[in-house]
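Here's a quick tour for anyone opening this structure for the first time. Take a look at the picture, then read on.

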Amino acid sequence: MAFVQFSQVSLAFGDRDILKDVSVNLMTGTKAALTGANGAGKSTLIKVMAGLIKPDSGSYSCQKDTRIAYLPQSGLTHHGCSLKEEADRAFEFGYELQKQIDELGEQAAKNPESSDNLLVRQAELIAKLEESGWHRREATAESVLLGLGFSHEDLSRQTEEFSGGWQMRIALAKALMQNPDILLLDEPTNYLDIEARDWLEKFLVNYKGAFLLVSHDRYFLDVTVTEVFELFGGDLKRYKGNFSHYEQIREVELKTLIAEYEKQQDEIEKLQDFIRRFGVQATKAAQAQERQKQLDKILAKKIEIPESLKKIHFKFPQAPHAGHLVMRTKNLCKSYDGQRNIIENLDLVVENGEMLVVAGRNGAGKSTLLRMLAGVDWISSGEIIPGAGVKIGYFSQDNAETICGTESILDYIESRAPTELIPKVRDMLGSFLFRGDDVFKPLNVLSGGEKSRIALLQLLLSPNNLLILDEPTNHLDMHSKDVLMNALKDFGGTVIFVSHDRGFIEGLATRVLELKPGQHREFPGDYRYYMERIEAEESGLADGSGGQKENQPQVQEGPAKSEGKRSWEEQKRLEAERRKAERAVAKIEEEITKVEEEKSLLEAKLGLPEIYSNGAKAKEIQTKINEINARLEKLTEDWESAMENIL
């Protein structure tokens with residue numbers, strides 16, 4: 001069994017401890033995520049494990065012949081050969097093994113007296129080469145490249161022809177092709193569309209080796225990992241289970257930590273106040289000195305709460321009133337060459353309050369459609385008809401190009417925020433990853449990703465009632481995505497968007513428009529329903545028009561029935577009932593989560609010496625726990641009843 005183990009690893013940059021006695025063990029079968037606040041040191045730890053950074057102290061051990069592959073966040077480029085030739089370089093280890101096998105064969109032929117030992121070693125290498133899949137390298141390379149979104153035609157293209165995002169896809173493909181014992185992946189989904197992410201999910205679920213990955217995609221992590229390592233204040237802690245399970249446990253822990261933090265802050269304030277008031281008085285000097293000693297002990301173990309863990313709740317400006325019909329298109333077409341239509345005869349009706357996600361592979365015309373709907377790109381033919389009172393706000397990564405100058409981030413946003421939101425601007429900037437002194441950075445020193453976040457926040461502060469958003473979650477961490485999604489849910493207007501983050505789509509979309517080159521289909525349901533339909537079609541249980549194939553079992557009740565058997569109004573009515581039932585279920589689930597957290601906190605209290613040693617207090621807490629158990633039983637019954645309205 002291959003493994004790599006780090007024990008009591010420490011690393012400091014200046015006076016800041018990045019890693020403090022960190023221990024981690026990755027072995028065959030490990031499927032782990034590495035998480036932590038921005039700047040916690042996740043990328044640094046992965047680089048240490050990849051051997052790119054040497055720690056200040058600690059020990060390292062590794063099973064003989066263990067192969068490790070590492071993918072950084074960005075910065076890799078390829079040139080000087082075709083994509084197919086570059087892919088073959090991922091198999092260099094196999095060529096090296098084959099060379100050693102041939103050399104051992106030659107040595108055995110020349111030295112018959114030593115041939116037994118040489119042939120044993122040769123057999124070991126032959127077995128290792130076969131196990132690595134090297135002999136199937138051409139099929140493997142093609143499978144991985146196509147899975148990550150490259151076409152057959154791309155295989156013969158020169159690598160320097162590919163853009164930065166596709167360069168990173170090449171690097172990811174090479175890491176996967178190597179079939180290493182240990183995979184270290186730092187933000188592997190950053191440059192992937194949703195189809196490539198789905199493929200990568202399946203690849204990692206079936207991966208026989210070990211992997212440790214960093215990602216801000218909650219859905220991706222939930223599907224792929226079975227344990228989570230969190231870096232917090234230089235310490236590393238392991239949590240078993242998927243990412244959502246980690247978040248549930250961590251939320252309870254953080255409540256306790258924040259309570260301890262607030263208690264400690266209160267103690268510090270009282271001690272500092274006493275020292276201030278009586279430190280100069282001779283009669284109180286001894287007590288003041290004693291208080292100072294107490295304060296020094298507390299400050300030596302001071303609890304720090306990172307900005308990213310401080311929950312931020314706010315609402316963006318309410319959307320101005322608009323009519324029931326927000327936008328419609330008639331026979332909308334788009335062609336860049338005058339011969340092939342990317343968008344063809346699109347008739348689309350968007351109603352007030354809808355959250356429409358535009359889905360489809362790269363090149364299907366998603367961003368093109370959004371640009372046309374926003375009025376920033378011309379149409380070849382057809383019409384786009386906005387409704388009465390509609391005010392459009394449009395976001396794409398190109399918005400960042402308009403942000404420049406010596407003005408600080410804080411001044412820039414405050415000058416564009418409604419008066420009632422100016423006191424909350426610092427919190428808003430914090431939720432979009434501008435924390436502490438970052439808000440004073442001038443605009444002309446910001447990276448492209450930072451400018452995109454500024455552009456997105458600026459848009460959301462504007463009084464629009466139709467938001468058209470192209471990849472709004474790029475450059476955001478999980479907390480920022482949650483803030484954005486909750487703000488959009490409370491927005492009150494209409495949203496048309498494209499995203500590659502499946503968790504974000506599932507949390508927001510109420511209808512799906514699927515684009516294929518020159519084709520389109522609408523799905524009057526959420527994204528999960530859309531994916532179920534696509535999977536049913538791919539497995540042969542449904543045809544491409546949405547109808548069931550003959551002699552096939554029903555795929556799903558409700559929305560999965562043929563649209564041909566049901567009017568548009570009937571589909572909408574059923575979908576509205578389904579969404580209402582889902583909201584009822586979500587509300588009950590939220591209540592169950594709160595009650596379970598309350599129970600966990602009480603059970604934790606029950607384990608404190610000052611509680612279990614006091615019979616009356618212990619009985620009081622146990623009574624509360626029993627009451628909570630009864631509430632949980634009732635909530636579970638309510639949940640089961642509500643679920644019957646969905647299933």
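This is a predicted model: local features need pLDDT of at least 70, side-chain atom pairs count only at pLDDT 80 or more; totals for chains, interfaces and linings use all residues.

## The whole chain

Computed along the principal axes, a box of roughly 95 × 90 × 60 Å holds its C-alpha atoms.

Of the 647 residues in the protein chain, 46% are buried. If you take the contacts between residues at least 6 apart in sequence, 67% of them join residues at least 24 apart.

## Two helices side by side

Now zoom in on helix α3 (residues 92–110) and helix α4 (residues 115–132). Their axes come within 9 Å and cross at roughly 160°, so α3 and α4 are roughly antiparallel to each other. The crossing of the pair is left-handed.

Who touches whom? On the α3 side, the residues in contact include Phe93, Leu97, Ile101 and Leu104, while the α4 side includes Leu118, Leu119, Leu125 and Leu129. Sorted by class, this contact has 10 nonpolar, eight polar and two charged residues; the two helices also bring Arg121 and Lys128 to it, both from α4.

## A look at Thr66

Where does Thr66 sit? You'll find Thr66 in the loop between β4 (57–62) and β5 (68–71). Thr66 counts as buried because its relative accessible area is 14%, under the 20% cut-off.

A polar atom of the Thr66 side chain lies 2.8 Å from the backbone oxygen of Gln63. Beyond its neighbours within four places in sequence, Thr66 is in contact with Ala2, Phe3, Asp181 and Ile182.

Technical notes: Residues are numbered from 1 along each chain as its sequence is written. Side-chain values use heavy atoms; hydrogens and water are left out. Axes are lines fitted to C-alpha atoms, for helices over the stretch in contact, and angles run from 0 to 180 degrees between N-to-C directions. Helices (H or I, at least four residues) and strands (E, at least two) are DSSP runs, numbered from the N terminus. Angles under 35 degrees count as roughly parallel, over 145 as roughly antiparallel, 65 to 115 as roughly perpendicular and the rest as oblique. A crossing is left-handed if the near helix is turned anticlockwise from the far one by less than a right angle, and right-handed if clockwise. Contact means heavy atoms within 4.5 Å. Ala, Val, Leu, Ile, Met, Phe, Trp, Tyr, Cys and Pro count as nonpolar, Asp, Glu, Lys and Arg as charged, and the others, Gly among them, as polar. Buried means under 20% relative accessible area, exposed over 50%, partly exposed in between (1.4 Å probe, protein chains only). A polar contact is a pair of N or O atoms within 3.5 Å; within protein, one must be able to donate a hydrogen and the other to accept it, and residues adjacent in sequence count only if both atoms are side-chain atoms.
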